[in-house]
Amino acid sequence: MTTLHGWSGSPAVRAAVQLPPAARAGVVICPPLGQEGVIAYRTLRLLADRLEARGIASVRYDPSGRGDGAPDTDPDAQVRSARHAAAVLRTSGVRHVAFVGLASAALVAATAAEETDALLVWDAPASGRGWLRRQRALATITIGTERFVDGVESLIGIEVEPDEAAALSALAFAPRTGPTVALVRPETRAPKTLGPVETVEVPGSAELLDGTSIHARIPGAAVDTAVAWLDAWAPAASGPVVPPVLDEVLDVDGRVSERIVRLGPDELFAVETVSSAQHHDAPLVVLHNGAAEHRVGATDYQVDLARALARDGARVVRVDRRATGESSTVRDDERSFLFAQEWVEDQSAVVAGLGTPSDRLVLVGMCAGAWLAGRSVDEAPRLVVEISPNDYRRQPAAPGSYEDAVRAIDAPSPGRLWVRRRYNAVVPKALREWIARRDRVGGVVEHVRPLVEHGTDVVVIAAPDDADLFDRLGGQKALRRYGGVGRRGSVSIVRVEDGDHSLFSPVMRRAVRAEVRSRVAATFPVPA
């Protein structure tokens with residue numbers, strides 16, 4: 001499969017276009033909002049791959065104002081971006097267009113589609129108002145009541161201005177006369193306001209959408225159902241297509257620009273951010289995602305951070321490791337490389353490919369990305385910033401083993417549940433906790449020691465739960481041993497009392513942004 005990447009429009013969307021040699025039709029794959037988009041990213045890539053195999057072109061995109069799109073405060077950016085993505089397909093020669101929307105994106109797809117377009121909605125909410133009400137309830141439970149900062153509201157993985165919240169709430173389905181299908185969970189119905197449309201029950205939506213990104217499983221059977229319906233809708237005859245014109249460089253603000261690069265033997269997808277006033281000796285900051293997450297939802301804090309660091313004078317690269325975002329081939333049974341050696345190798349390949357001296361290198365990672373940044377002794381970075389670290393293991397995990405363990409704990413089989421109850425009844429709690437930590441997490445001292453001894457400054461930014469784990473696993477000992485002021489090679493911790501592990505909290509995101517910028521600036525003063 002060949003994907004064309006770039007930016008298009010003003011404000012620009014970041015587009016990923018897949019074109020077969022000749023196309024029967026084209027599909028606009030709309031991205032879900034917030035954390036739904038994080039969880040569904042690889043599933044929608046698999047959908048695009050399987051459509052291309054059937055001779056159907058597709059475009060996936062980050063809307064302007066979200067992900068790797070250009071900055072945009074227009075409250076209608078979601079629908080406008082979907083329509084622009086369709087226009088990109090049509091410029092390639094595609095004549096017949098369908099819109100696909102999963103979860104919250106179903107509302108965007110239905111609003112953007114014309115009656116002559118086809119429409120596929122999958123696990124659609126009843127309305128924008130209902131979706132927003134549920135997201136607010138989840139955000140209040142997860143983040144707390146302090147979800148507003150300077151009038152901006154934080155939901156789960158998405159910040160919205162009042163005007164955008166009103167626009168999202170107003171999204172609604174209308175009766176359709178064009179080709180339409182609703183894929184629904186077993187024993188559920190399509191939104192009534194769509195009218196009497198074709199409805200197909202598909203499995204796997206709950207396993208994909210109802211947990212964290214670690215729990216999510218790509219529902220291959222549901223993807224095949226979507227592909228089969230679109231294949232039946234598309235004309236039998238193919239027509240010639242030409243690659244659409246996409247901008248290779250995004251001009252963010254007249255000073256900062258971005259381009260897509262491929263790094264290492266696996267051609268990992270990355271976005272490089274630079275400033276027109278950048279010094280030739282500028283530091284390089286590599287940003288690692290948490291878990292196997294792309295830069296959408298809460299993880300798009302990286303985009304704002306990268307652009308701010310570039311304005312400060314740094315060169316910044318945010319990268320998708322294997323089985324993440326746009327990197328490596330998608331499979332419906334793919335295994336995550338959480339805490340695995342493969343990601344350590346990816347980090348080495350990225351740093352080698354960028355060719356920056358180690359004394360100008362900064363590695364910043366969140367959660368699993370924090371652990372990964374801490375495994376960089378061979379790269380000898382000058383500064384490592386670990387955001388929300390919750391694992392200090394010394395030995396990498398086998399591919400897929402971490403997610404398997406999490407799923408087994410959260411959704412145990414009846415036999416496992418019986419064993420767990422007996423185990424908890426017999427083994428003292430203190431011993432159970434020690435056993436649990438022995439395999440999954442090591443000690444802070446041994447985690448940071450190799451880096452500190454090579455002259456690396458290690459900064460931990462942690463919300464209360466992660467800060468408590470840091471303390472329990474020897475963090476205070478590490479601070480006493482390596483926390484000297486002014487030494488080359490040190491450890492420090494920044495505690496964000498109102499923060500959270502996942503960066504859903506606006507307080508945590510702003511603290512991370514400010515702290516990373518200040519640490520980079522202090523370590524690498526901008527030359528006069």
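This is a predicted model: local features need pLDDT of at least 70, side-chain atom pairs count only at pLDDT 80 or more; totals for chains, interfaces and linings use all residues.
Nine strands make up an open sheet with mixed pairing, and their order is β14-β15-β16-β18-β17-β19-β20-β21-β22. At the edges sit β14 (249–251) and β22 (490–495), each of which pairs on one side only. On average, and with direction ignored, neighbouring strands of this sheet are turned by 20 degrees against each other. In general, the strands of a sheet pair through backbone hydrogen bonds, and the pairing is either parallel or antiparallel. For β19 and β20 (residues 383–387), the pairing is parallel and runs over five bridges. Met-366 is found opposite Ile-387 of β20.

Helix α9 lies across several strands of this region: β15 (256–263), β16 (268–275), β17 (284–288), β18 (315–319) and β19. Its direction makes an angle of about 155 degrees with β17. Apart from neighbours within four places in sequence, Gln-347 is in contact with His-288, Leu-363, Leu-372, Ala-373, Arg-375, Ser-376 and Glu-379.

Past the end of that helix comes a loop, between α9 (341–354) and β19 (361–366), and this loop holds Thr-356. Thr-356 is buried too, with a relative accessible area of 16%. Setting aside residues up to four places away in sequence, Thr-356 touches Leu-284, Arg-315 and Val-351. With Arg-315 there is also a polar contact, side chain to side chain, at 3.5 Å. Arg-189 is another story: 167 residues separate Arg-189 and Thr-356 along the chain, and their C-alpha atoms are 55 Å apart.

Two other helices let us check a simple rule of length. At the start of α17, a side-chain oxygen of Ser-505 comes to within 3.1 Å of the backbone nitrogen of Val-507. The buried residues of α17 are Pro-506, Met-508, Arg-509, Val-512, Glu-515, Val-516 and Val-520. As background, an α-helix has 3.6 residues a turn, so residues three or four places apart point the same way.

Helix α8 (residues 301–312) has twelve residues and reaches 17 Å from first C-alpha to last, close to the expected 16 Å. This helix is mostly covered, with nine of its twelve residues buried. Among them are Tyr-301, Gln-302, Val-303 and Leu-305, along with Arg-307. Just after α8, Gly-313 has a positive phi of about 115 degrees.

Finally, there are the nonpolar cores. The largest has 50 residues, and the ones with the most contacts inside it are Val-17, Val-28, Cys-30 and Phe-99. Helix α3 (residues 105–112) gives this core its largest share, seven residues. A second, separate core has 34 residues, including Ala-40, Leu-51, Val-202 and Ala-226.

Definitions and conventions:
Residues are numbered from 1 along each chain as its sequence is written. Side-chain values use heavy atoms; hydrogens and water are left out. Helices (H or I, at least four residues) and strands (E, at least two) are DSSP runs, numbered from the N terminus. Buried means under 20% relative accessible area, exposed over 50%, partly exposed in between (1.4 Å probe, protein chains only). Contact means heavy atoms within 4.5 Å. A polar contact is a pair of N or O atoms within 3.5 Å; within protein, one must be able to donate a hydrogen and the other to accept it, and residues adjacent in sequence count only if both atoms are side-chain atoms. A nonpolar core is a set of buried Ala, Val, Leu, Ile, Met, Phe, Trp, Tyr and Cys residues joined through side-chain atoms within 4.5 Å. The expected span of a helix is 1.5 Å times one less than its number of residues. Two strands pair if DSSP finds at least two bridges between them. Axes are lines fitted to C-alpha atoms, for helices over the stretch in contact, and angles run from 0 to 180 degrees between N-to-C directions.
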